[in-house]
Amino acid sequence: YESAGPRLRAWVDALGANVLLFPSVGVLFCQALPYVSDSWKVFEGSKDGSGLEAVFIQKTLILVFCGVLALQGVSLLLSSISYLRGRRG
C-alpha cells in the first residue's frame, strides 16, 4: 500500500470499505443489538457491590462505536470516490 500510487490507494480504500469494513460493522452491530437490548430491559447494573452503575448505558457504547466506525467508512469511501472521479482536495 505504501509503494502504491494515489489512484491504487483510492481503489484499495474503496474496496476495503465495501468488502471488509461495512460487513464487519454490520455483523458486530447485529450481534451486539440483542446483548444491549437485554441489558436495557432490566436496566443492568454491576454485579459487584462496589461496581459501576448503569452498565446498560456503557454497553450502548458498543452500538455507538458501530455507528461512528460506519460514518468513518462512509467518509473514506466518499473521499476515495471523489479522488477517482478527479476531484482532488
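## Cysteines

The sulfur of Cys30 lies 9.0 Å from the closest cysteine sulfur, that of Cys66, which is too far for a bond. This is a predicted model, and the distance is one computed from it. A disulfide would need the two sulfur atoms within 2.5 Å. The count of disulfides by this rule is therefore zero.

Cys30 is exposed, at 54% relative accessibility, whereas Cys66 is buried, at 3%.

## Fold and overall shape

The chain has two helices and zero strands. Helix 1 covers residues 6–41, and helix 2 covers residues 55–84.

The radius of gyration of the chain is 19 Å, while a compact globule of 89 residues would have one near 12 Å. The C-alpha trace spans about 60 × 20 × 20 Å along its principal axes.

Of the contacts with a separation of 6 or more, 58% are between residues 24 or more positions apart. Buried residues account for 21% of the 89 residues.

## Lys59 in helix 2

Lys59 belongs to helix 2, which runs over residues 55–84. Is this lysine buried or exposed? Lys59 is buried, because its relative accessible area is 14% and the cut-off for burial is under 20%.

Leaving aside residues up to four places away in sequence, Lys59 touches Tyr35, Val36, Ser39 and Glu44.

## Surface and the nonpolar patch

The accessible surface of the chain is about 6500 Å², and carbon and sulfur atoms contribute 66% of this area.

Seven named residues form a nonpolar patch on this surface: Tyr1, Leu8, Trp11, Val12, Leu15, Val19 and Leu20. The patch has an area of about 740 Å². Among its members, Tyr1 is located in the segment before helix 1. Tyr1 counts as exposed because its relative accessible area is 53%, and the cut-off for exposure is over 50%.

How values were computed:
Residues are numbered from 1 along each chain as its sequence is written. This is a predicted model: local features need pLDDT of at least 70, side-chain atom pairs count only at pLDDT 80 or more; totals for chains, interfaces and linings use all residues. Side-chain values use heavy atoms; hydrogens and water are left out. Helices (H or I, at least four residues) and strands (E, at least two) are DSSP runs, numbered from the N terminus. Buried means under 20% relative accessible area, exposed over 50%, partly exposed in between (1.4 Å probe, protein chains only). Contact means heavy atoms within 4.5 Å. Patches are made of residues with over 30% relative accessible area and no salt bridge: like charges are joined within 9 Å, nonpolar side chains (Val, Leu, Ile, Met, Phe, Trp, Tyr) within 5 Å. Accessible areas come from the Shrake-Rupley method with a 1.4 Å probe; for residues, only the protein chains shown count as cover. A salt bridge is a side-chain nitrogen of Lys or Arg within 4 Å of a carboxyl oxygen of Asp or Glu. The radius of gyration is taken over C-alpha atoms; the globule rule is 2.2 Å times the number of residues to the power 0.38.
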